[in-house]
Amino acid sequence: MTESMESKLARLPEPAPPAALAATVMARIARAPAHDSATADRRARRPETESILGGLWAFIGAVLVGVVVVQRWLAAGFASELVSSRIGDGGLVLVPADGWTSLVLCAGLALYLLGLFAPLRRGRL
Amino acid sequence: MTDDADRSTVRAAVEAVRRGDREAFAGIVKLYERRLYALSLMVTRDPAGAEEVAQDAFVRAFLHLDAYDERRPFYPWLSVIAVRLAQNWLVRRARVSSREGAEIETDTAAAATPDPLHELIEDEIDRALWRAVSALPSGERTAVILHYRQGLSVAEIASALGVTTGTVKTQLFRARRSLRTKLEPFPAVGSSG
């Protein structure tokens, strides 16, 4: 495009907008949902807070699992006690001896997984 | 009003709106309603459509004011919103027209639509130029208006329209070729460049 064409296009007149345009826009804005910086700040901070909470849950879950495993290990005196005799001598699966320990271990794992996947669940929403 | 004055008006209005004073947005509407309506009219070529697009663009800008980066000028941000809405409006109208069996995007259809801008232009060459731009297909017309009138770069247009820079370059190339052909009777503007 020539310079003349560009400048002519840029200088084309602007028709006056309908008289009611501004009033209609402001009337629609008056009916719009509340909009203030506090709301925006809260909205912006929410993902950050949720992310911190997710990390906290994962940490608590991991600590719970760690404490139970170490506690069982210390109580038994050696690591092989934590291995089910049904698996065999060289078994690899951790099976705590009583129901209460299993419950705490499961809760810890659940908390850990919930915290770990919290950002993914938020992303889907 | 100067650009600096515009900028300070916008800054004050944006700060006031963010504090909760929604009436302050009237300053922004007053400042840009003419430019935004003209832009919407150039893209849609329909006064009612342009009014709808301009209204929606202002309301959307208000609702998404948090997304506006104050370090950048306000009008290009607002105009991108308007252009996207105008594109959507054209798509909706094309769907309605195709359902009703009407042809759009032809020179005949463009000429048949009353064009307030055409009536405002006094100079014969300017009128021929606008007639030629107005008759371009919507994508090419939008690219030409954004590039040569609004001063947006190829990358900015691509981002605004959601297409690649290659597509915008092709649209501008085709538009220039078409305009040169149509403006051949006016060597002052129609010569190649």
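Biologist: How do the residues lining the largest pocket divide into nonpolar, polar and charged?

Modeller: Keep in mind that this is a predicted model. The pocket in question holds about 460 Å³ of space, and 22 residues line it. Sorted by type, that lining splits into 10 nonpolar, 2 polar and 10 charged.

Biologist: Which element gives the most to that lining of the largest pocket?

Modeller: Closest to the pocket's centre are Tyr32(B), Pro73(B), Phe74(B), Tyr75(B) and Pro76(B). Helices α1 (3-18), α2 (25-44) and α4 (74-99) of chain B each supply at least two residues of the lining. The top contributor, with 6 residues, is α1(B).

Biologist: And the second largest pocket: where does the largest share of its lining come from?

Modeller: That pocket has a volume of about 350 Å³. It has 14 lining residues, and Arg72(B), Pro76(B), Trp77(B), Val80(B) and Glu156(B) sit closest to its centre. Two elements of chain B give two or more residues each, α4 and α9 (154-161). The largest share, 5 residues, comes from α4(B).

Biologist: I keep seeing aromatic names. Which residues do ring pairs link into a cluster?

Modeller: Counting over all chains, there are 6 aromatic pairs. Ring pairs tie together a cluster of Tyr32(B), Tyr68(B), Phe74(B), Tyr75(B) and Trp77(B).

Biologist: Is Tyr68(B) buried or exposed?

Modeller: Its relative accessibility is 8%. The cut-off for buried is under 20%, so Tyr68(B) counts as buried.

Biologist: What sits over the ring of Tyr75(B)?

Modeller: Tyr75(B) belongs to that ring cluster, and it is also among the residues closest to the centre of the largest pocket. At 3.9 Å from its ring centre we find the charged end of Arg35(B).

Biologist: Last one: which helix of chain B has the lowest mean pLDDT?

Modeller: Chain B averages a pLDDT of 84, with 88% of the residues scoring at least 70. The model as a whole scores ipTM 0.77 and pTM 0.63. Among the elements of chain B, the highest mean, 95, belongs to α3 (residues 47-63), and the lowest, 48, to helix α5 (residues 107-112).

Conventions: Residues numbered from 1 in each chain as written. Chains lettered and ligands numbered in written order. Predicted model: local features only at pLDDT ≥ 70, side-chain atom pairs only at ≥ 80, totals over all residues. Heavy atoms only, no water. 1 Å grid on protein atoms, 1.4 Å probe; cavity = no way out; pocket = protein on both sides within 12 Å on 5 of 7 lines; lining within 4 Å. Points joined across faces, edges and corners; volume = space filled by probe spheres on them. Helix = DSSP H or I, 4+ residues; strand = E, 2+ residues; numbered from the N terminus. Nonpolar A, V, L, I, M, F, W, Y, C, P; charged D, E, K, R; others polar. pLDDT = per-residue confidence, 0-100. Phe/Tyr/Trp six-rings, centres within 6.5 Å; stacked < 30°, edge-to-face > 60°. Buried < 20%, exposed > 50% of the residue type's maximum accessible area, 1.4 Å probe, protein only. Lys NZ or Arg CZ within 6 Å of the ring centre and 35° of its normal.
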